[in-house]
Amino acid sequence: MRVPTEPPQTQWEMPSPDLAGEDDLVGSGADLEPGTLLAAYRTGLFPMPIPDSRAMLWWSPARRGVLPLNGLRMSRSLRQSCAKYAIRVDTAFDEVIRACADPTRDGGWITDDIIAAYTRLHHDGWVHSVEAWDGDGRLAGGLYGVTIGGFFAGESMFHHQRDASKVALVALVRALSDQYADERLVDVQWQTPHLARLGVTEVPRGEYLTMLQRALKLPLPEAFS
């Protein structure tokens, strides 16, 4: 069993999401050291830069997007696509995060600093990729996210072939659907129309923080240990 390496504690005090009111933006500054990132996720925050921002920004949406494991919606075509791809975990993390960071994508936010920080967390056992591979052995799509106990923070996903990122999401849900499924938490930050069609819902920040603290106490899913 692979046990994630706990890094040195952060030197920064994480701002409390409870004090943010209806604002999604909670704070700015700090760094992207492993201890800082893990403290942020455990507090209910995540980093995301915006263009021309000189400091890292930390967010905790007032309405948080989450995917209930029993709420994933699969169309007939998606079920058919699931049979077309092979699923692997953590075999091509670098390719996945760099595909997610493709600067030609709309709304791209994954900088070189983000890539370096999350790659370091991946090597320490905290960040994982779920990959969909086609029959010719090509990476067709995937996603990556932070895993702490029973908490999975989805950071980004991509596809080179039809439905490949959705198939990776289906695989993630299946990997988390064990005896702790009712308490595990899949966080997608914000609900979008695309994610809503897959079953993502919104919960108030206070409810999310309660769900988070419960999920953090659970054991890691077998797929990531």
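**Close-up views of a predicted model**

**View 1. Helices H1 and H4 are roughly perpendicular to each other.** Welcome to this structure, which is a predicted model. Two packed helices are described by the angle between their axes and the distance between the axes. Here, the axes of helix H1 (residues 34-43) and H4 cross at roughly 85° and come within 10 Å.

**View 2. Residues from both helices make the H1–H4 contact.** Helix H1 brings Pro34, Leu37, Leu38 and Tyr41, while helix H4 brings Ala117, Tyr118, Arg120 and Leu121. Which classes of residue meet here? The contact of H1 with H4 has seven nonpolar residues, one charged residue and no polar ones.

**View 3. Seven strands form an open sheet with mixed pairing.**

**View 4. Strands E8 and E9 pair in the parallel sense.** Strand E8 (residues 151-159) and strand E9 (residues 185-189) are joined over three bridges. Look for Phe151, which stands opposite Leu185 in E9.

**View 5. Helix H4 packs on the sheet.** This helix (residues 112-123) touches strand E6 (127-133), strand E7 (139-148) and E8. The direction of H4 makes about 95° with that of E6.

Conventions
Residues are numbered from 1 along each chain as its sequence is written. This is a predicted model: local features need pLDDT of at least 70, side-chain atom pairs count only at pLDDT 80 or more; totals for chains, interfaces and linings use all residues. Side-chain values use heavy atoms; hydrogens and water are left out. Two strands pair if DSSP finds at least two bridges between them. Helices (H or I, at least four residues) and strands (E, at least two) are DSSP runs, numbered from the N terminus. Contact means heavy atoms within 4.5 Å. Axes are lines fitted to C-alpha atoms, for helices over the stretch in contact, and angles run from 0 to 180 degrees between N-to-C directions. Angles under 35 degrees count as roughly parallel, over 145 as roughly antiparallel, 65 to 115 as roughly perpendicular and the rest as oblique. Ala, Val, Leu, Ile, Met, Phe, Trp, Tyr, Cys and Pro count as nonpolar, Asp, Glu, Lys and Arg as charged, and the others, Gly among them, as polar.
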